[in-house]
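Please open the model in your viewer and keep the sequence beside it.

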Amino acid sequence: MERSLVIFLVFIMACALVQESSAAMSEAQMKGAMKTLRNMCMPKSGVSKEALASMKEGQFDDEDRKLKCYLGCIMNMMQVVKNGKISMTMVKNQIMKMVDPTWGAKLVATFESCAGVEGTDNCDLAYNFGKCVYETDKDAFVVP
C-alpha cells in the first residue's frame with residue numbers, strides 16, 4: 001500500500017509540474033505517467049496482459065470484471081469519475097495537461113460524445129465509457 005501511495009504521488013507531482021509550465025507532457029513524460037497508472041492498476045484489478053491487449057485491439061469482453069475494474073482504477077486515479085458519473089470537467093483538465101491542444105480537442109470531442117454512458121458501479125461505468133470511446137474513434141482510445 002505504501003508503494004502505491006508513493007507511485008501515485010509521483011504521478012500527481014508530474015502532472016503538477018506540467019500544469020505549472022502550462023504545456024502538454026512530452027512523449028517521455030506521457031509514457032512514464034501511463035506506465036505508473038498501469039503498474040498500479042494491473043495488480044489492483046488482477047487483469048491479465050492478454051485481456052488488455054485484446055481490448056486495445058477492440059475486443060471488449062463484457063464478462064471480464066477484472067478488465068472493467070482495471071479501467072475503473074485508471075479513471076479513479078485520473079480523478080475523472082465523480083458520484084458515479086464521468087466528470088467532463090476533469091476529463092478536459094487531464095487531457096489538456098497531458099497532450100498537445102490539437103489532439104486534445106479531438107479527444108475531448110470524442111469523450112464528450114460518450115459522457116452520458118452509465119454503469120452499475122465505477123468499474124462498469126469506466127468500461128462502458130472506454131468501449132464507447134473505442135467505438136466512436138479508436139484512435140482516441142488511449143489506455144495504459
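A residue is called buried when its relative accessible area is under 20%, exposed when it is over 50%, and partly exposed in between, with a 1.4 Å probe and protein chains only. By that criterion, 44% of the 144 residues of the protein chain count as buried. This is a predicted model, in which local features need pLDDT of at least 70 and side-chain atom pairs count only at pLDDT 80 or more, while totals for chains, interfaces and linings use all residues. Residues are numbered from 1 along each chain as its sequence is written, and side-chain values use heavy atoms, with hydrogens and water left out.

Begin with a cartoon of the protein chain, where there are seven helices and two strands, taken as DSSP runs (H or I of at least four residues for helices, E of at least two for strands) numbered from the N terminus. Followed from the N terminus, the order is α-α-α-α-β-β-α-α-α.

Next, select Met 55, Tyr 70, Ile 86, Phe 111 and Phe 129, which touch the most other members of the largest nonpolar core, a set of 43 residues. Such a core consists of buried Ala, Val, Leu, Ile, Met, Phe, Trp, Tyr and Cys residues joined through side-chain atoms within 4.5 Å. The elements giving two or more residues to this core are α2 (27-45), α3 (49-56), α4 (65-77), α5 (88-98), α6 (101-113) and α7 (122-136).

Centre the view on Met 55 and show its contacts (heavy atoms within 4.5 Å): leaving aside neighbours within four places in sequence, Met 55 meets Phe 60, Leu 67, Leu 71, Tyr 134, Phe 141 and Val 143.

One cavity of 30 Å³ or more is found in the whole structure. Select Ile 74, Met 78, Phe 111, Phe 129 and Val 142, which are the closest to the centre of the largest cavity among its 25 lining residues. The space in that cavity is about 440 Å³, and α2, α4, α5, α6 and α7 each supply at least two residues of its lining.

Finally, select Thr 110 in helix α6. Thr 110 is buried, because its relative accessible area is 7%. Apart from residues up to four places away in sequence, Thr 110 touches Val 133, Thr 136, Asp 137 and Ala 140.

Conventions:
1 Å grid on protein atoms, 1.4 Å probe; cavity = no way out; pocket = protein on both sides within 12 Å on 5 of 7 lines; lining within 4 Å. Points joined across faces, edges and corners; volume = space filled by probe spheres on them.
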